[in-house]
Amino acid sequence: MAVLHTVNKSPFERNALESCLRLAKAGSSILLFEDGVVGAMQNTRFSERIAQAMHDFSFYVLGPDIKARGLGGDKIIDGIQVVDYNDFVDLTTAHDTVQSWL
């Protein structure tokens, strides 16, 4: 069963991303959006953990939310795919289940 995990909280404010990484099953997809896009940035205390987790998960980040927060798209961790709103919808329909982490 394919699961899309969505994280919309900054990892600097909540532990939703850490919980997701700890509890999600290998082969799942993880989409970072809203304030969760901060977790996709290079050179943070979370970037190495995300890079290691890419062996088990597919990572996506919502491009418009990166732009809305004034973050540079060139600062995204290598291997995270930037998606738009249409891709977000496609991801939700391509997976059997969507699990939101609050």
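The questions and answers below go from the whole chain to a single residue.

This is a predicted model, in which local features need pLDDT of at least 70, side-chain atom pairs count only at pLDDT 80 or more, and totals for chains, interfaces and linings use all residues. Residues are numbered from 1 along each chain as its sequence is written, and side-chain values use heavy atoms, with hydrogens and water left out.

Q: Which pattern does the chain follow when read along the sequence?
A: Helices (H or I, at least four residues) and strands (E, at least two) are DSSP runs, numbered from the N terminus. The chain has four helices and five strands. Read along the sequence, their pattern is β-α-β-α-β-α-β-α-β.

Q: What share of the 102 residues in the chain is buried?
A: Buried means under 20% relative accessible area, exposed over 50%, and partly exposed in between (1.4 Å probe, protein chains only). Of the 102 residues, the buried share is 44%.

Q: Among contacts between residues at least 6 apart in sequence, what percentage joins residues at least 24 apart?
A: Contact means heavy atoms within 4.5 Å. Among contacts between residues at least 6 apart in sequence, the share that joins residues at least 24 apart is 74%.

Q: Is Asn8 buried or exposed?
A: Asn8 lies in the loop between strand S1 (3–7) and helix H1 (16–23). Leaving aside neighbours within four places in sequence, Asn8 is in contact with residues including Phe33, Asp35 and Trp101. Because its relative accessibility is 13%, Asn8 counts as buried.
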